[in-house]
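Good morning. Please put the structure up on the screen, and I will talk through a few packing features and some backbone details.

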Protein chains: 2
Amino acid sequence: MLDEQRATIGRLGVDARIIGVVTRRHGRVYSPRGVDATMVADMVERGDCIGSPGASATPRSPGSAAAFIRDVTARRAAAARQGRLVVIETTPLDIARGQPAIGHVRAALDGGAHVITANKGPAAFAYRSLARAAERANRRFLFEGAVMDGVPIFNLVRETLPAVTITGFRGVVNSTTNYILTAMERGERFDAALASMQRAGIAEADPSFDVDGWDAAAKTAALANVLLDARLTPASVGREGIADITPQRIAAARAAGCRVKLIASAERRGGTVRARVCPVNVPADDLLAGLEGQQNAIVFQTDLLSEIAIVQRGSGLTQTAYALLSDLVAIGRPTGSVRRQGHP
Amino acid sequence: MLDEQRATIGRLGVDARIIGVVTRRHGRVYSPRGVDATMVADMVERGDCIGSPGASATPRSPGSAAAFIRDVTARRAAAARQGRLVVIETTPLDIARGQPAIGHVRAALDGGAHVITANKGPAAFAYRSLARAAERANRRFLFEGAVMDGVPIFNLVRETLPAVTITGFRGVVNSTTNYILTAMERGERFDAALASMQRAGIAEADPSFDVDGWDAAAKTAALANVLLDARLTPASVGREGIADITPQRIAAARAAGCRVKLIASAERRGGTVRARVCPVNVPADDLLAGLEGQQNAIVFQTDLLSEIAIVQRGSGLTQTAYALLSDLVAIGRPTGSVRRQGHP
């Protein structure tokens, strides 16, 4: 996407070159003059090691990804000092501790780089301390992709609702469970719906992460920590999954003019923030009841604007990639310039 | 609101003082050391002239509002040169030509001031030339309040979707007509629903502006000009109002699983943008069908993010005031600073 959108981001005054890639199982590559992203992606696709001879100056060098980040930020110390170094972090979430993503974010900031992650862990487990570290380093710590892919949530609040106080939110933030609940309304069985999500590559082989509400709880913690100044972790979010939802409950909800949705919500009341994820019978005329299949939405309660909702109607890898790109543009875009909106 | 939110915007690095107010029928006041906004609002409320002795250095001075803007920007030329002068424009829309708002915007930019308007006219009639004028002057021309009050639309796209191309949109953007259509579904008559909107101060005494779709057409032109790089005016938007909607049509739509909504839409196809406002039978499971009463929403079609929708669930004067405040913050906020999100 970076290559595809180079002209677009160029018009915004942003230019970027990939100088290093580190993977869990496919090696690493460092090349100050620029890594060919398409070639690297093709190699990973084929199962090759990206650090194989010819492709890299540091083939198969050992050590963790954090060590690689420390190494590269040290080599590029001048660029780091000028705020021109960005680390993009896309490890999967470890729901117990938020690692290794948190360590990667720290290593990046310690090395003077801005950091972008699509991982929910850093904001869900360690938002406050990482945000402080970023502030001290005068670097950005962005994570738009952590919730609803590239649909602006964190950027929406930060950039466009500066004087508004968010007092709470409720939303549908997990696609797998929403798809299963929608399928069950059509008469499909839980297992069949889950299996078709797995075949489509949307649900994990181990479905408990989605089905038991952990993914939604991690997103809820991240949202509450950032938008409501809470100090939650995924485990401190009240959580009930959809594994026990029966066809009878779905039918009874229908009969009562409702739809069963896995609702993530949080609310600030005075000094405390209460957050939870649980199946709710949502009245049919509620915005959240209307979300089919993989659609997601969050309704924000605010002090000055009453309620605002933002809705995602399609998701996928492109949207996740865009989340990273939009954060990159937020970092690289010249500030204070006056720019006309509109098409190229 | 500026006084009420002074602490909040102060934390964002924004401070502002009102130095002049000009009204159509209640005089004008200029006071470089600061105008007491609450006192001025109270005087207008009572029907007093705000330029009465003791309140102002230039009581009852004659001339148009544009002349007042030219006068004040000239007196405050030093502040203007430093980019510290902002003109906030809140005249009602003249649907034929977009004046006097366009003239006010030009006078402000000519005087070196940034300009904020809640009026749809400037963006609906003259977006391109005013945006160019602002660019040349290195000043901002903002109008978040023109569509859906303070809910971020233009700021949303500009600030959070920088690399996304909007290819079209559809939405419900006029509250009066949506309220009437909702009331008719409950069996109310068109006239009774309209009268209750008028009593609530939401519909104008002359309802044709809303009912015939002109308000929605002006918003559609503004959205299309800004987001789709169109060159429309309200008159070039295909337009059909709701005056001819019968209870029979509403009932027939219901029977077919639909709701009648006044839909504003535009689409870019190659070099041309087609825009229209007309009543549409929207399937009940469509997000736009679920909007009750005064709720508004816009669904954007994008290249990279599929569809995104933003929904406003409450509107009123507070929301309009917030639109102006959020634009003021966008102008005054120090750029390039790293700020942690969260509550005060």
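In chain B, α8(B) passes α9(B) in a right-handed crossing. Handedness here means that a crossing is left-handed if the near helix is turned anticlockwise from the far one by less than a right angle, and right-handed if clockwise. Helix α8 covers residues 175-185 of chain B and helix α9 covers residues 190-199 of chain B; they pack at an angle of about 135 degrees, with their axes 9 Å apart. The axes are lines fitted to C-alpha atoms, for helices over the stretch in contact, and angles run from 0 to 180 degrees between N-to-C directions. α8(B) and α9(B) are therefore oblique to each other. On this scale, angles under 35 degrees count as roughly parallel, over 145 as roughly antiparallel, 65 to 115 as roughly perpendicular, and the rest as oblique.

Which residues make the contact? From α8(B) they are B:S175, B:T176, B:Y179, B:I180, B:A183 and B:M184, and from α9(B) they are B:F190, B:A193, B:L194, B:S196 and B:M197. Contact means heavy atoms within 4.5 Å. By class, the contact of α8(B) with α9(B) has eight nonpolar, three polar and no charged residues. Ala, Val, Leu, Ile, Met, Phe, Trp, Tyr, Cys and Pro count as nonpolar, Asp, Glu, Lys and Arg as charged, and the others, Gly among them, as polar.

Before going on, a word on the source. This is a predicted model, in which local features need pLDDT of at least 70 and side-chain atom pairs count only at pLDDT 80 or more, while totals for chains, interfaces and linings use all residues. Residues are numbered from 1 along each chain as its sequence is written, chains are lettered from A and ligands numbered from 1 in the order in which they are written, and side-chain values use heavy atoms, with hydrogens and water left out. Helices (H or I, at least four residues) and strands (E, at least two) are DSSP runs, numbered from the N terminus.

Next, a pair in chain A. Helix α6 (residues 121-137) and helix α11 (residues 214-227) of chain A have axes that come within 7 Å and cross at roughly 25 degrees. α6(A) and α11(A) are therefore roughly parallel to each other. The crossing of α6(A) past α11(A) is left-handed. A:A123, A:A124 and A:Y127 in α6(A) meet A:A218, A:A221, A:A222, A:N225 and A:V226 in α11(A). That contact of α6(A) with α11(A) divides into seven nonpolar, one polar and no charged residues.

Now the two chains together. How many residues of chain B are in contact with chain A? There are 67, in contact with 67 residues of chain A. The size of an interface is often given as the accessible area lost when the parts come together. Chain B and chain A bury about 5,600 Å² between them, 58% of it on carbon and sulfur atoms; this is the accessible area (1.4 Å probe) that two parts lose on being put together, summed over both. Between chain B and chain A there are two salt bridges, each a side-chain nitrogen of Lys or Arg within 4 Å of a carboxyl oxygen of Asp or Glu. A:R313 forms a salt bridge with B:E307, where the closest N and O atoms are 2.8 Å apart.

Last, the backbone. Most residues other than glycine have a negative phi, and most peptide bonds are trans. The peptide bond from A:Q99 to A:P100 is cis, with omega near 5 degrees, and A:P100 sits in the loop between β3 (86-89) and α5 (101-110) of chain A. In chain B, a cis peptide bond joins B:Q99 and B:P100, with omega about 5 degrees. A:M148 is not a glycine, yet has a positive phi of about 55 degrees; A:M148 lies in the loop between β5 (141-142) and α7 (154-160) of chain A.
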